[in-house]
Amino acid sequence: MFATNQSPRILKPVKPWFIVATLILALLLNLLPLQQWLFMPDWVMLALAFWSVREWRHVGLGWAFALGLLMDVADASALGQHALAYVLLGYGASSLSRRLLWFSLSLQALHVLPLFLVATSIQAAIRMIAGDMFPGWGIFVTPFLVALLWPIVSFFLLIPQYQPEERDENRPI
Amino acid sequence: MALDQAPPPLFRNGPTPLARLSFYVTLSLALFVLDLRFHALEGLRQALFHVADPIRQVAQTPVRMLRDGSEYFTALETLQSENAALRTARLETAAALARLPELAAENERLRQILKLRASEATSGQAARILYTARDPFSRRVYLDKGANDGLVAGQPVMDADGLIGQVTRIFPAAAEVTLITDKNLTLPVRSARTGLRSFVSGLGDGTVALRYVPANADIQPGDLLTTSGLDGVYPSGFPVARVQAVERGSGNAFAEIIARPVAAVENHSIVMVLEPLQLPPAPETAAPAPPKPRRLRGR
């Protein structure tokens, strides 16, 4: 059973280096030169939301801001555009964290979907205020994709915390 | 004895989440305004680019290996047919090319007779497109050459068929090219058939619009638009786009003209970066300031 607050399962504490590694991996996936694929999920958004929910003491708004700035530069978008969206996303996710973990994975995905939608709309809104054209409804596919990936990625990111402290033949887990 | 009212260190968590949120939101908005409105953050962008660059290098390695690998294993037959096609193309151009030096010399002589300014010889260097920027609001690509190879902002970029854009930002080992389909790029063109001069600007969806052409002007679908060379950025005579649709509304003074770029603007891998033009000095009375390379509106 997946570790939510309702399950009796106790997770091992997360290793800080693992959080950093997954965030960098997410950045790496975002920087893959596959932009010909129209709908690439925003992996940084996903990893950031996940860790803001699970480990809001470790992953604060500073991380969101720094990753946002890096994405701004890598995407050649306006400086501050991703940063603003990610900071708001991180805040929303961490304030949801106490509630979110009582739900099953699919309901969690439904809960975080509005956060992703808001983060995407904010980027669109701020660029349109600055005089850019609306790039089409296609940009709103990404938040749905990210929400769909939430259960899968949650499972994989928690695997290290499932491992037992020491192997014991007589103990089932 | 005074009672210590401060909470024990266990509960000291720094500023409240809301305070942090407002701090970072303010900072983001400040950066946004400084960058878009005042263009004051190029230094910060350069510094952050150096941080993101190693990650990008790592991310690009597998994709590049896949691409190069598939090129390596191209079937012999494909290569042979391509080779044959290239030979034919070379033969077709050989005759024209052989007469080129003679024609250029003759052109130069005639220009001297007519006391026209000598037309610039154009040269450039080939560069490879590294990747397309993910930003859905703009049309930009990055090249694998930068300031280290002598590129400067403002250089025109083209491929075998025509113009594709302009270098807008320079990093030490990379350069950002804004494509002619980007909404913020406008360039002066001339209709090859009638000589009508106007501007094209990108529409953001892979096409460009020909602006400020009167509704009764002689322009029709299929007309080729070439650079007019009036801006001092793009050399004249390079194909830009072909008119696709002309709409003459009765309510508008201008015709709505959509054109499609002739170059493979949004899918190509190797491009040519042309040398910047050397402009003649401007006449003293007309313009006191020397003509600068035209900058992009907006960012």
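The following legends describe close-up views of a predicted model.

**View 1. The antiparallel barrel of chain B.** In chain B, 6 strands close into a barrel, and their order is β1-β2-β5-β4-β3-β12. The pairing of these strands is antiparallel. From one strand to the next, the twist averages 45 degrees.

**View 2. Pairing of strands β1 and β2 in chain B.** Strand β1 of chain B comprises residues 124-132, and strand β2 of chain B comprises residues 140-143. The two strands run antiparallel and are joined by 3 bridges. Opposite B:Thr132 stands B:Val141, a residue of β2(B). Strands of a sheet pair through backbone hydrogen bonds, in either a parallel or an antiparallel manner.

**View 3. The contact between chain A and chain B.** Chain B contributes 39 residues to the contact, and chain A contributes 34 residues. On the side of chain B that touches chain A, at least two residues each come from α1 (17-38), α2 (42-72) and β1 of chain B. The element that gives the most to this side is α2(B), with 12 residues. Divided by class, the side of chain B that touches chain A has 23 nonpolar, 6 polar and 10 charged residues.

**View 4. Packing of helices α1 and α2 in chain A.** Helix α1 of chain A (residues 16-30) and helix α2 of chain A (residues 43-54) have axes that come within 7 Å and cross at roughly 160 degrees. Angles over 145 degrees count as roughly antiparallel, and α1(A) is therefore roughly antiparallel to α2(A). From α1(A), the residues that meet α2(A) are A:Ile19, A:Thr22, A:Leu23, A:Ala26, A:Leu27, A:Leu29 and A:Asn30. Their counterparts in α2(A) are A:Trp43, A:Val44, A:Leu46, A:Ala47 and A:Trp51. The contact of α1(A) with α2(A) has 10 nonpolar, 2 polar and no charged residues.

**View 5. Packing of helices α4 and α5 in chain A.** The axes of helix α4 (residues 81-100) and helix α5 (residues 105-129) of chain A lie 9 Å apart, and the helices pack at an angle of about 160 degrees. Helices α4(A) and α5(A) are therefore roughly antiparallel to each other. The crossing in which α4(A) passes α5(A) is right-handed. Residues of α4(A) that meet α5(A) include A:Gln81, A:His82, A:Leu84, A:Tyr86, A:Leu89, A:Gly92, A:Leu96 and A:Leu100. On the side of α5(A), the contacting residues include A:Gln108, A:His111, A:Val112, A:Leu115, A:Val118, A:Ile122, A:Ile126 and A:Arg127. By class, the contact of α4(A) with α5(A) comprises 14 nonpolar residues, 6 polar and 1 charged.

Key
Residues are numbered from 1 along each chain as its sequence is written. Chains are lettered from A and ligands numbered from 1 in the order in which they are written. This is a predicted model: local features need pLDDT of at least 70, side-chain atom pairs count only at pLDDT 80 or more; totals for chains, interfaces and linings use all residues. Two strands pair if DSSP finds at least two bridges between them. Helices (H or I, at least four residues) and strands (E, at least two) are DSSP runs, numbered from the N terminus. Axes are lines fitted to C-alpha atoms, for helices over the stretch in contact, and angles run from 0 to 180 degrees between N-to-C directions. Two residues are in contact if their C-beta atoms, placed from the backbone, lie within 7 Å. Ala, Val, Leu, Ile, Met, Phe, Trp, Tyr, Cys and Pro count as nonpolar, Asp, Glu, Lys and Arg as charged, and the others, Gly among them, as polar. Angles under 35 degrees count as roughly parallel, over 145 as roughly antiparallel, 65 to 115 as roughly perpendicular and the rest as oblique. A crossing is left-handed if the near helix is turned anticlockwise from the far one by less than a right angle, and right-handed if clockwise.
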